[in-house]
Amino acid sequence: VQLQASGGGLVQSGDSLRLSCAASGPSFSNYHMGWFRQAPGKEREFVAAVTWSGRSTLSADSVKGRFTISRDNAKNTVYLQMDSLKPEDTAVYYCAAGRAWSRSRNEYDYWGKGTQVTVSS
């Protein structure tokens, strides 16, 4: 599975962005999908995950109520809707695919190149 994230940009505090992650290769719908982010000087951290069916999701406490993960298996795409953005959300955002539905980056087998999100105050 090859993944390509897009949709990042420079926004102001309180704005919204929607990230997309397009997958190519077989069996996208067999994989659970996750979004992670990495700020300068920090470790890559979990943001949100969605099961292969899209019926169940997980979110980090820091984004709960503001970010929503979803997927469209017909389009081989997973989304991250980010509302009420804050400067501390500034990071490179990565999408990942794995066989386990998990908050741990170690459980994901495939990673896309990241997309930069910068939130100014």
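Is Trp-111 buried, partly exposed or exposed? Trp-111 is partly exposed, with a relative accessible area of 29%; buried means under 20%, exposed over 50% and partly exposed in between, for a 1.4 Å probe and protein chains only.

The model is predicted, so local features need pLDDT of at least 70 and side-chain atom pairs count only at pLDDT 80 or more, while totals for chains, interfaces and linings use all residues. Residues are numbered from 1 along each chain as its sequence is written, and side-chain values use heavy atoms, with hydrogens and water left out.

A search of the whole structure gave 5 aromatic pairs. Rings of Phe, Tyr and Trp (its six-membered ring) pair if their centres lie within 6.5 Å; planes under 30 degrees apart count as stacked, over 60 as edge-to-face and the rest as tilted. Phe-36 and Phe-46 form an edge-to-face pair, with 5.7 Å between centres and 75° between planes. Because Phe-36 belongs to strand β4 (residues 32-38) and Phe-46 to strand β5 (residues 45-50), this pair ties together parts 10 residues apart in sequence. Strands (E, at least two residues) are DSSP runs, numbered from the N terminus. Phe-36 is buried at 1% relative accessibility, and Phe-46 is buried at 10%.

Phe-36 also pairs with Trp-111: the centres are 5.0 Å apart and the planes are at 55°, so the pair is tilted. Trp-111 lies in strand β10 (residues 110-111) and Phe-36 in β4, so this pair ties together parts 75 residues apart in sequence. Ring pairs link Phe-36, Phe-46, Tyr-108 and Trp-111 into a cluster.

Charged groups sit over two further rings. A charge sits over a ring if NZ of Lys or CZ of Arg is within 6 Å of the ring centre and within 35 degrees of the ring normal. Arg-44 lies over the face of Tyr-94, 3.7 Å from the ring centre, and the charged end of Arg-99 sits over Tyr-31, 4.3 Å from its centre.

Leaving aside neighbours within four places in sequence, Phe-67 is in contact (heavy atoms within 4.5 Å) with residues including Val-47, Ser-59 and Leu-80. Ser-59, in strand β6 (residues 57-59), is buried at 14% relative accessibility.

Conventions: Helix = DSSP H or I, 4+ residues; strand = E, 2+ residues; numbered from the N terminus.
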